[in-house]
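This briefing is meant to be read with the structure open beside it.

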Amino acid sequence: GETGETGEDTGEGPLTTVYVVRHAEKDSGSNPGLTEQGAARAQALAVRMDDVVLDAIYATEFRRTQETVQPTADAKDMEVLVDIEPKEELPALILDSHVGDTILHAGHSFTIPSFMENIGADEAPALSGYGQLWILSIQDGEVIEVDLETFSAPDE
C-alpha cells in the first residue's frame with residue numbers, strides 16, 4: 001500500500017484497508033450460486049480490484065459470496081478463505097492480525113452491518129441491491145474513513 005512517508009513522523013500506525021462487498025445476484029434455493037448477471041458482476045469486481053494488492057480474501061461459507069470474489073482471487077492467484085465467522089470473528093481477526101494489510105471480504109445483507117459495526121465503522125451501511133463496495137481505512141484500530149463505490153457489469 002502506498003501510504004507515503006507520513007507514518008513515521010506522526011507516530012500513526014500502518015493503514016489497513018478493507019474492501020467489503022455484498023455477494024452479487026444469486027439464484028434461488030438453499031445455497032444458491034450466482035446468476036449470469038451475478039457472475040458478470042463478479043467479473044466486474046475483479047476488474048475493479050485489478051490494481052489493488054490484496055493480502056487476503058474472505059468469504060462466508062455460502063456459494064454466492066465465494067463465487068463473487070472467486071474471479072478476483074483467480075486473477076491474483078489467491079485462495080478464498082471461508083472458515084471465519086463474518087460478524088464478530090472476522091472483524092476481530094482483521095483488527096488483530098491484518099494490521100497494515102489490504103483485505104477483500106464478501107458478505108451478506110444479514111452479516112455486513114454487524115461486520116462494519118464490530119470493526120468500528122460509525123454507522124451501519126445502507127445496503128441497496130447489488131454492486132456496492134465499501135472501502136474502510138483503519139489506523140491504530142480506528143476506522144478513519146469509509147468510502148462507498150458502486151460497480152456493475154457492462155451491459156451486454
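Predicted model: local features only at pLDDT ≥ 70, side-chain atom pairs only at ≥ 80, totals over all residues.

**Nonpolar cores**

- The largest nonpolar core has 17 residues, and the members that touch the most others are V21, M49, V69, L104 and L133.
- At least two residues of this core come from each of β1 (15-22), α2 (36-48), β2 (56-59), α3 (63-76), β4 (102-107) and β5 (132-139).
- Another core, of 16 residues, lies apart from the largest one, and its members include V18, A56, M116 and V143.
- When neighbours within four places in sequence are left aside, L104 is in contact with Y19, V21, M49, L54, A56, I57, Y58, V69 and T72; two of these, V21 and V69, are also named among the residues of the largest core that touch the most other members.

**Packing of α2 against α3**

- The axes of α2 and α3 come within 8 Å and cross at roughly 40°, which means that α2 is oblique to α3.
- The crossing of these two helices, α2 and α3, is right-handed.
- On the α2 side the contact is made by A42, Q43, L45 and A46, while α3 contributes E67, T68, V69, P71 and T72.
- Sorted by class, the residues in the contact of α2 with α3 are 5 nonpolar, 3 polar and 1 charged.

**Packing of α4 against α5**

- Helix α4 (residues 89-97) and α5 have axes that come within 8 Å and cross at roughly 35°, and this crossing is also described as right-handed.
- L90, P91, I94 and L95 of α4 meet F115, N118 and I119 of α5 in this contact, whose residues divide into 6 nonpolar, 1 polar and no charged.
- E117 is found in helix α5, and its C-alpha atom is separated by 8.9 Å from that of P91, a residue 26 places away along the chain.
- E117 counts as exposed because its relative accessibility is 59%, a value over the 50% cut-off.

**A buried glycine in a loop**

- G131 sits in the loop between α5 (112-119) and β5, and G131 counts as buried because its relative accessibility is 2%, which is under the 20% limit.
- Not counting residues up to four places away in sequence, G131 touches R41, E149, T150 and F151.

- D77, in the loop between α3 and β3 (80-81), has a positive phi, near 55°.
- The relative accessibility of D77 is 75%, so D77 counts as exposed.
- D140 also has a positive phi, near 50°, and the place of D140 is in the loop between β5 and β6 (142-150).

Terms used
Residues numbered from 1 in each chain as written. Heavy atoms only, no water. Core = buried A, V, L, I, M, F, W, Y, C linked by side-chain atoms within 4.5 Å. Buried < 20%, exposed > 50% of the residue type's maximum accessible area, 1.4 Å probe, protein only. Helix = DSSP H or I, 4+ residues; strand = E, 2+ residues; numbered from the N terminus. Contact = heavy atoms within 4.5 Å. Axes fitted to C-alpha atoms, helices over the stretch in contact; angles between N-to-C directions. Parallel < 35°, antiparallel > 145°, perpendicular 65-115°, else oblique. Left-handed = near helix turned anticlockwise from the far one by under 90°. Nonpolar A, V, L, I, M, F, W, Y, C, P; charged D, E, K, R; others polar.
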